[in-house]
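Trainee: Can we go through this model term by term? I'd like to hear what stands behind each label.

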Amino acid sequence: MSDTDSRRIYAGPAVLSYGFRPFFLAGALWAMVSVMLWLPQYFGELTLNMAFQPLDWHAHEALFGYVAAIVTGFLLTAAPNWTGRAPLQGRPLLFLLAVWLAGRAAIAFSAHIGWVAAAMIDCAFLVLVCAAVGREILAGKNGRNLKVLIFVGLLLAANVVFHVEAHFAGSATYGRRFGVAATLALVMLIGGRIIPSFTHTFLKQRGQGRLPTTFKRFDGFCMAGSVAALMGWVLAPDSKIVGLLLIAAGLLNLFRLARWAGERTSGEALVLILHLAYLFVPLGFVLSGLAPWTGIPLSAGLHAWAVGAIGVMTMAVMTRSSLGHTGQALHAGKGAQAIYAAVLLAAAARIAAALAPQWSFALLHLAAFAWAFAFLGFAMAFGGALLRPRKS
């Protein structure tokens, strides 16, 4: 069923007509709210009565709150393109959003309802996402895209590990790294498809010049090496041997990025931001790999991935999808460019805070407020279009 056919048949609220609409908007607002709640917790100015330690809550809500919402919005929007079927919309989509919101509430009140109940409510969301997307892919006989669900399943597994470890060990150190690794693998998989594709489309309109290399055997080798290095990082981030694997994976990803002709995209921020987002992937690998050899804090590489690669890439996907699927021109105006500048500043400031602890107070505040500005800016700039019917 075409997008036009599905919109003609669906007669409910526009915000429930496509998965990206409610989940991009809710995810952006939660990204802003959660970081504003985290900053005073970090500096001991606020205490929330939850079963999680403050650091675990911060990591959990970034990975399994914000990221899970954006990944869901992306998958529910991409699935109809893969299968030719109508998108999940109306009451089923509203139910899925309600389960995500219930997860946020369950974590907030986890000290009152108990960690088991909180874990079951929270983890139910990704279970339902896998079931919904998997059903559509199978019904559309498009099995080659099922591999995306492997990484979503890993994110679900990381959430389960997170809850169990946080309760029995007191802190979810492995769960945090597992969640970041699973999300980063998804970024490398999807980024490796959409970045060269969108870049190719843009550059073909500009005429002659170098075009990006499509997905080839090298990309598979790069993915395999990166996943192996990430597995080592999850289990033993202080190992020098793992550090060498991480540095090697970083160089592979840097070469992978160089094959996508990003230097030719400066004329359109909507495309350039995808390349800048992916640049944080090799940066995170190299910083994480240097940590056991040089004493660089582990948090430097971690936040290059979490705030840089994941945060910037999700923002890039959110803005592009929101423009395209609401009938607007695929061009980053001044509002979108300001959003990109803010999220890039947040990533740079957060990495710098880890590398220069003497300036951490100012840099952490800068990172938090730039992050909040970016995601509040997205909600303000794109919220109206997400709530209104698509332009003809």
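Trainee: How many cavities turn up in a search of the whole structure, and what makes something a cavity?

Mentor: Two cavities of 30 Å³ or more are found. On a 1 Å grid over the protein atoms alone, a cavity is a set of points where a 1.4 Å probe fits but cannot get out, while a pocket is an open set with protein on both sides within 12 Å along at least five of seven lines; lining residues have an atom within 4 Å of a point. Keep in mind that this is a predicted model, where local features need pLDDT of at least 70 and side-chain atom pairs count only at pLDDT 80 or more, while totals for chains, interfaces and linings use all residues. Residues are numbered from 1 along each chain as its sequence is written, and side-chain values use heavy atoms, with hydrogens and water left out.

Trainee: What is the volume of the largest cavity, and which residues lie nearest its centre?

Mentor: About 190 Å³, where a volume is the space filled by probe spheres set on the points, and grid points are joined across faces, edges and corners. The lining has 13 residues, and Val-71, Val-187, Ile-190, Thr-314 and Val-317 lie nearest the centre. H3, H8 and H12 each give two or more residues to that lining, with the largest share, six residues, coming from H8. Those H labels are helices, DSSP runs of H or I with at least four residues, numbered from the N terminus.

Trainee: How does the lining of the largest cavity divide by class?

Mentor: Ten nonpolar, three polar and no charged residues. Nonpolar covers Ala, Val, Leu, Ile, Met, Phe, Trp, Tyr, Cys and Pro, charged covers Asp, Glu, Lys and Arg, and the others, Gly among them, are polar.

Trainee: And the largest pocket: how much space lies in it, and which helix supplies the largest share of its lining?

Mentor: About 890 Å³. Of its 38 lining residues, His-58, His-303, Ala-306, Val-307 and Arg-350 are the closest to the centre. H3 brings the largest share, nine residues, and by class the lining has 27 nonpolar, seven polar and four charged residues.

Trainee: Why are H6 and H7 called roughly antiparallel?

Mentor: The axes of H6 (residues 115–139) and H7 (residues 147–168) come within 10 Å and cross at roughly 175 degrees. Angles over 145 degrees count as roughly antiparallel, so H6 and H7 get that label. Axes here are lines fitted to C-alpha atoms, for helices over the stretch in contact, with angles from 0 to 180 degrees between N-to-C directions. Among the H6 residues that meet H7 are Trp-115, Asp-122 and Cys-130, contact meaning heavy atoms within 4.5 Å.

Methods
Angles under 35 degrees count as roughly parallel, over 145 as roughly antiparallel, 65 to 115 as roughly perpendicular and the rest as oblique.
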